Amino acid sequence: MIEFKKVSKAYKNNLVLKDISFQIETGKFTVLIGESGCGKTTLLKMINKLITPTKGDIFIDGKDLKTLDEIKLRRGMGYVIQQTGLFPHLTVRENITIIPKILKISEKQIESDTLKMMDMIGLDESLLDRYPNELSGGQGQRIGIARAFITNPDIILMDEPFSALDPMSRVALQDELLKLQNRLHKTIVFVTHDMDEAIKLADKIAIFDNGELVQYDVPENILKHPANDFVKTFVGKKRIWTSPKYIKVSDIMIDKPVTCFPNYTVFYCLNKMKMMKVDSLMVIDENKKFLGVLYAESLPDKSSLKKEASEYMLKDIPTVKKEDSIVELAKLVTESRLSNIPVLDDDNNLCGLITRSSLIMALSQQFLEEEE
Amino acid sequence: MEFIDYIIQNHEQIISLFLEHIELTFIAVGLSILIGVPIGILISYIKKLDKPILGLSSVIQAVPSMALLGFLIPFVGIGTVPAIIVVILYSLLPIIKNTYTGINGISDTMIESARGIGLTKSQILFKIQIPQTLPVIMAGIRISAVSAVGLMTMSAFIGGGGLGYLIFSGIRTVNNYQILAGAIPACILALIVDYFFGLIEKLVTPVSLQMKEISREEVLKKRKKQKIMLVIILLLVGLVFLSTIKVSDVNAKTITVSGKDFTEQNILCEMTADYIEANTDIKVNRKCNLGGAQVVFSAIQRGDIDLYIDYLGTDYTDILKYSPISDVNKVYETVKSEFNSKYNLAVLNQMSFNNTYALAVRSDTASKYNLKTISDLVPYSSQLKISPTLEFVNREDGLSGLSKVYGLNFADVIAIDGSPRYTALMNDNSQVIDAFTTDGLLQKFGLVVLEDDKNFFPPYYAVPVIRNSVLDEYPEIEELMNNLGGYLTNESVQALNYKVDELGENPETVANEFLKENDLI
């Protein structure tokens, strides 16, 4: 765990970080984001002591950073930066192995580690004797990642590693980094100014504005509940549509569907439909437990007006959970061709209803917001 | 094809001077690398120092090399040491500047990346900064090395040896072949040095930075060839150094004989050396052709040299600062006693020749104005230009005193050092020059010497000057010099000078032959 306690940084009279306190969790992918000059990179460089705080303390696993030897500390951390991070006069192999060689790890071990790294980042061994200027941007950045991972550090710091890449390689590298992280569970601290990248990669996002930490939360909460106007504009209203997995059924459902109890008469139910202008009723018991749906069209003729609703309700219809994402919902709607889908909680109690129109309303929201 | 003959005749000397030149140049460049690169690195780290140090090395660069050399002699004496120091001082600027620029040129991001992955300061310097800067540093060293070859020629002025010896004694004796024999090897050496450092420059450039125009395979192939060439050149330089290592015998009886930088002195220096060596068991170290009067005198004061032959008039007026007089005995006694008391130098008996100043004109000028004595010159002096040596202009007993006594008033005074003034005279750029009465060039160019009818010029009898301590140790030298002095008359010395200046013979040979002819060795 990396813990910042009331950390400030000033250059002369210019306060670039103001009283920052937060914790970066072990094994999580934390993204620091903000506009340029917001202090995110300064904060990152404090972790490996490239920059010293003017005030405040930083602890790594409870140890005060001030007491740690900076060279040892840095060698125990991976550090990846933009394309200039590789040394142009050294081959790929020399770049990757520079620290292991200084640490006097055996040649054999270094060689096998190097090959492992090349395999991990998906590059051919033949590239090992190339020079950085013979590599594509994406390859170069992969080598940068290999150099950071070869000493198997617990913490990896990444300073806008992908921002200079073309969109295709960027997406590919993001995917691979995610795969790596899912396997290795390092504590990754990643600086970017790209919100899409942050949402895609982060377990937690810390948003900085003008030297202050304005919001530190999981991506979903940042998208749905921006802490202030800055976050709202920074995240962008449409942003959530680029990650629809964060839109939940509960966000777009009708909270109070029209219901009835199973012992109500058909007559009563029809009247209620007419009054509420709906074509179906959700049948629940006294504890709100979902029992079925009563559709107007499936009711027989007037002879049955006195019978109970339970006789005509449909029981085996698809339902969704309120935590399900809009993606799963859309799939279900398309497959089942149903117009109404009840939303249940974990105890199978009815908590809402999705109708075709509510779905369309929600989906059209992004276009309407654009016009605002 | 007299030039070829000259080369063949003197090839041993040329080769040994060439090797000496290589050695001096490599020592100087090597040392300036050892000094310049760390300074360059230092000022790239300590930014406060960069401007003062770069400024200082630029200032040094702007000082004329001769002035710097003259300035250094009182502190470090004569010979190879001051020459190497001057060349080092001149070589520093490009090396310091390129090192500084190179190291500063590496982006901060790169350095931060190196720090970020956990390299220490020294690891960043040696693994990142220097390897990336080496091509730039080498480019600076290359510039320094090539100019060092040229600069090193002036080492000959202060007895440091090298190809400058040929060039300057060639200029002095108006011997173009000798000049070329010094200048051509110096040019060739400059080209070799340029090629050599060019090779290193390419070899230290990271392969990755050479791949811009050609493929990696070609780079690697070229490198192999370059490495072979480099090894060959290094072996050759190594051989040069080995060949010049002399087995020095510390206990041997050795004295150093020297002389000023003109023909007569060269002959006297060689002659004295040969004569002493042949008649005693003393080993003589020769530092002939050392420099002007002041250079040689300060060298003997410092103990860099032990014995040379000076002229009474020079000692009396120039060193002891008396006004010139024509009383020979008084001049001799004064010089002898004051050199002993003031400088701890012994002045031996005066030799038989008097190499005093004279004015000389071309024979056609002499007949045109009917000139025989200096007084004859007075009515015409305002129409004539004189081109004396710098020393003659500055001396009490030189041009100013002469002009006063005779009432001379030349149209123009164009000071030209050494023998080029004879060329100026022959080209009619000037009509009068100063000359020494024993000067062989007077005969070579068929000049008329004007008689000093008012006895203005003080006596310039030659006297051996030796350090007292050396004379105490080798008292036999006094008798030898007394004996030799008897053979050196105005006529014999003029003949000797004539042989060297006009016939183009070697001072060494001429001196040796003279000793043999007179059964002195």
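Biologist: Over how many bridges do strand β12 (residues 280-284) of chain A and β13(A) pair?
Modeller: In this predicted model, β12(A) and β13(A) pair in the antiparallel sense. One pair of bridge partners is M282(A) with V293(A), the latter in β13(A). Over its whole length, the pairing of β12(A) with β13(A) counts five bridges.

Biologist: Which strands stand at the edges of the sheet, each with a single partner strand?
Modeller: The sheet is open, has mixed pairing and runs in the order β11-β12-β13 in chain A. Each edge strand has a single partner, so one side of it is left without a neighbour in the sheet. Those edge strands are β11 (259-260) and β13 (290-295) of chain A.

Biologist: And which helix packs on the sheet, touching β11, β12 and β13 of chain A?
Modeller: Its direction makes about 125 degrees with that of β12(A), and it covers residues 266-276. That's helix α12 of chain A.

Biologist: Which helices of chain A do the buried residues of α3(A) pack against?
Modeller: Let's start with what's buried in α3(A), residues 92-102: V92(A), N95(A), I96(A), T97(A), I98(A), I99(A) and P100(A). Just after the helix, K104(A) takes a positive phi of about 60 degrees. As for the partners of those buried residues, they are α2 (70-75), α4 (107-120) and α5 (137-149) of chain A.

Biologist: Zooming out, what percentage of contacts in chain A between residues at least 6 apart in sequence join residues at least 24 apart?
Modeller: Chain A has 15 helices and 16 strands. Of its 372 residues, 36% are buried. For the contacts you ask about, the share is 63%.

Biologist: Which helix gives the largest share of the side of chain A that touches chain B?
Modeller: The contact takes 18 residues from each of chain A and chain B. On chain A's side, α2 and α3 each supply at least two residues, and by class that side divides into 10 nonpolar, five polar and three charged residues. The largest share is three residues, and it comes from α2(A).

Biologist: Over in chain B, is α4(B) roughly parallel, roughly antiparallel or oblique to α5(B)?
Modeller: Helices α4(B) (residues 65-76) and α5(B) (residues 80-105) pack at about 130 degrees, with axes 9 Å apart. An angle has to be over 145 to count as roughly antiparallel, and roughly perpendicular covers 65 to 115. The angle therefore makes α4(B) and α5(B) oblique.

Biologist: How many nonpolar residues has the contact of α4(B) with α5(B)?
Modeller: The two helices pass in a right-handed crossing. Among the residues in contact are L68(B), L72(B) and V76(B) from α4(B), and V81(B), I85(B) and L89(B) from α5(B). There's one polar residue and no charged one, while the nonpolar count is 11.

Technical notes: Residues numbered from 1 in each chain as written. Chains lettered and ligands numbered in written order. Predicted model: local features only at pLDDT ≥ 70, side-chain atom pairs only at ≥ 80, totals over all residues. Axes fitted to C-alpha atoms, helices over the stretch in contact; angles between N-to-C directions. Helix = DSSP H or I, 4+ residues; strand = E, 2+ residues; numbered from the N terminus. Parallel < 35°, antiparallel > 145°, perpendicular 65-115°, else oblique. Left-handed = near helix turned anticlockwise from the far one by under 90°. Contact = placed C-beta atoms within 7 Å. Nonpolar A, V, L, I, M, F, W, Y, C, P; charged D, E, K, R; others polar. Buried ≥ 20, exposed ≤ 12 C-beta atoms within 10 Å, placed from the backbone. Pairing = 2+ DSSP bridges.
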